[in-house]
Amino acid sequence: MVAQGFTVDLNKPLVFQVGHLGDSYEEWVHQPIITRESPRFFENGVLEFLTRTAWWAIPSVWIPVVGWLVWISLKRGVGGGEVVLTLVGGIFIWTLLEYSLHRFVFHMKPSGYWGNTLHYLIHGCHHKHPMDGLRLVFPPAATAILLLPLWNLIKLLLPFTYAPAFLGGGLLGYIIYDCTHYYLHHGKPFKGLSHSLKRYHMDHHFKVQDKGYGITSDFWDRIFGTLPPKPSKKIG
């Protein structure tokens with residue numbers, strides 16, 4: 001691939017190359033390479049290992065944490081029905097966070113060497129290699145780091161008794177999101193909601209990258225006017 005005289009060598013670690021694309025980075029990153037192979041990101045073996053995550057790691061790691069957070073709220077005196085409503089509230093807020101992150105962070109307009117490099121790491125790589133199954137879900141270690149400021153914010157905004165269950169609901173929403181996202185890329189639905197969601201998401205990747213930011217639903221796209229044109233009939 002050549003952009004502004006710079007050639008990205010796909011046979012070498014990619015992360016520290018893409019920044020050199022300059023203003024041509026965005027055009028390059030939205031020219032997907034359809035292969036299930038995982039390109040190498042880093043020369044360093046430890047860093048490379050940390051960028052690869054199997055989809056099943058997400059529910060395996062985080063579902064027990066959700067259960068633990070629910071147990072804390074129950075122990076603090078919250079009733080079962082209230083816990084369920086709090087979980088639902090957390091899931092609902094997650095859907096807004098899912099949309100906002102995808103639209104305003106993952107699809108930010110990067111500039112400069114480090115801006116391009118950071119964007120490629122957090123989301124650009126997914127658009128360049130959309131079928132890379134080992135870089136589709138978010139590594140649990142990175143999620144744990146991001147949970148700390150989120151937990152501190154929740155503690156400030158919600159009562160002591162409800163805060164753990166609310167965080168649990170947000171985490172449950174995240175689990176649903178990441179597993180759904182993986183399925184939309186690697187599952188083969190033939191009809192129904194899953195088929196419609198896959199078609200919707202594939203159009204985001206291959207037709208209108210600046211529309212259709214919802215993954216688990218198109219609800220917030222409808223609210224904020226970012227619905228793509230009518231989805232195609234073929235999803236590949």
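**View 1. Arg 135 and its salt-bridge partners.** At 8% relative accessibility, Arg 135 counts as buried, a class that means under 20% relative accessible area, with exposed over 50% and partly exposed in between (1.4 Å probe, protein chains only). Arg 135 forms a salt bridge with Asp 132, their closest N and O atoms being 3.2 Å apart, where the term requires a side-chain nitrogen of Lys or Arg within 4 Å of a carboxyl oxygen of Asp or Glu. Helices are DSSP runs (H or I, at least four residues), numbered from the N terminus.

This is a predicted model, in which local features need pLDDT of at least 70 and side-chain atom pairs count only at pLDDT 80 or more, whereas totals for chains, interfaces and linings use all residues. Residues are numbered from 1 along each chain as its sequence is written, and side-chain values use heavy atoms, with hydrogens and water left out.

**View 2. The contact of helices α4 and α7.** The contact is formed by Ile 58, Val 61 and Trp 62 of α4 together with Pro 140, Thr 143, Ala 144 and Leu 147 of α7, contact meaning heavy atoms within 4.5 Å.

**View 3. Helix α8.** Of the 24 residues of α8, 19 are buried.

Definitions and conventions: Helices (H or I, at least four residues) and strands (E, at least two) are DSSP runs, numbered from the N terminus.
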